[in-house]
Amino acid sequence: MRTPALKTAPTSPAAQEPDEFDKLYRDHVDLIYRYAHRLCGETESAKDLVQETFLNAYRGLKDFRGEARVSTWLYTIASRACIRMRRKRKGEPQHELSLEDFVPTSEGEFRLQIPVDGLSPEEALQNKELRQALDQAIDKLPKKYRMALVLRDMEGLTAKEVGTIMGLNERAVKSRLHRARLFVRRELSARGITNHDGHPSEGLRS
Amino acid sequence: MTKKKTATTKKGSTPSSHRHTAGQGHCVDLLRQLSAFIDDELPSDICREIRKHLGACPNCEIFIASLRQTVILCRHRPVPPLKASDRVAMRRAILGEANAK
């Protein structure tokens, strides 16, 4: 979803913030919730992130000059808040994904497939195991890779927009995106996922 | 199969130089560029070269198909909608916190 930039900066914060904030919230809360849910993988953390994002947006509204789209500004606030929140909660180590790790080392590994042939993506994702495998694969991604994947492949932003949000150049965005995709592909294809009839999917077991 | 590190395929390299062995040489080069290829971000001559390689290398063809499927599944990953009651409760909490200080 694209939203136009606010044309003018608020000149009287005390008077204008509540109305401006209400409009901002009303117009963008679903977008930011969807982004937050995709980043966090579950509802409660997503709601925490939405609240943190809009609280920061409320406080920063008077300084927003409309140089970026409102949605880009909110994505940026949400992304920074996500990094802060996760760091605080888990102290999770951030490891790098090396391309070398994704080079198949056997014929079988090269030929692993994901069982979606003949199905639309929506139909394929009705398979609970596949959906869970996808969720788990994305959740296992180090957050800087997950963020690039979510913004580019799920939110549908351009690499340039993702770069603006993450504070990276396009090349770095593309590099992270590629590694993230390879990681998810490997996680999905390496699992034994059964078809709707309960039999193992062909191509997953070589 | 070796995890051989090779230079990225350069513009002007000949398709005939491809070796069609899993995990080696140009298969590894190709793996580095697959996302750019899927996203249609590579120069046309490199795309042509890659397509030629894919036509002759079943392993790479299958690999790229599974990577494409991965991207498609990510694009369609469902998200539960925000409940109206949560929307209201969060707004109240945000404004409460903002006005508390």
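Residues are numbered from 1 along each chain as its sequence is written, and chains are lettered from A in the order in which they are written. In this predicted model local features need pLDDT of at least 70, side-chain atom pairs count only at pLDDT 80 or more, and totals for chains, interfaces and linings use all residues, while side-chain values use heavy atoms, with hydrogens and water left out.

**View 1. The interface of chain B and chain A.** In this interface 46 residues of chain B are in contact with 54 residues of chain A, contact meaning heavy atoms within 4.5 Å. The area buried between the two chains is about 4,800 Å², and carbon and sulfur atoms give 65% of that area; buried area is the accessible area (1.4 Å probe) that two parts lose on being put together, summed over both. Across the interface 14 residue pairs, both at pLDDT 80 or more, are in polar contact (a pair of N or O atoms within 3.5 Å; within protein, one must be able to donate a hydrogen and the other to accept it, and residues adjacent in sequence count only if both atoms are side-chain atoms). On the side of chain B that touches chain A, the elements giving two or more residues are helix H1 (25-38), helix H3 (58-75) and helix H4 (84-100) of chain B, where helices are DSSP runs (H or I, at least four residues) numbered from the N terminus. H3(B) gives the most to this side, with 14 residues. By class, this side of chain B has 25 nonpolar, nine polar and 12 charged residues; Ala, Val, Leu, Ile, Met, Phe, Trp, Tyr, Cys and Pro count as nonpolar, Asp, Glu, Lys and Arg as charged, and the others, Gly among them, as polar.

**View 2. Salt bridges of Glu41(B) to Lys174(A) and to Arg152(A).** A salt bridge is a side-chain nitrogen of Lys or Arg within 4 Å of a carboxyl oxygen of Asp or Glu, and the structure holds 17 of them over all chains, with eight counted between chain B and chain A. The side chain of Glu41(B) meets that of Lys174(A) at 3.8 Å, N to O. With Arg152(A), the closest N and O atoms of Glu41(B) and its partner are 3.6 Å apart; this pair crosses between chains, from the loop between H1 and H2 of chain B to helix H7 (residues 143-154) of chain A.

**View 3. The packing of H2(B) against H3(B).** Helix H2 (residues 44-56) of chain B packs on H3(B) at an angle of about 110 degrees, with the axes 5 Å apart; axes are lines fitted to C-alpha atoms, for helices over the stretch in contact, and angles run from 0 to 180 degrees between N-to-C directions. The two helices, H2(B) and H3(B), are therefore roughly perpendicular (65 to 115 degrees). His53(B), Leu54(B), Gly55(B) and Ala56(B) of H2(B) make the contact with Pro58(B), Cys60(B), Glu61(B) and Ile64(B) of H3(B).

**View 4. The packing of H8(A) against H9(A).** Helix H8 (residues 159-166) and helix H9 (residues 170-190) of chain A pack at about 100 degrees, with their axes 8 Å apart, which makes H8(A) roughly perpendicular to H9(A). Among the residues of this contact are Met166(A) of H8(A) and Lys174(A) of H9(A).

Key. Parallel < 35°, antiparallel > 145°, perpendicular 65-115°, else oblique.
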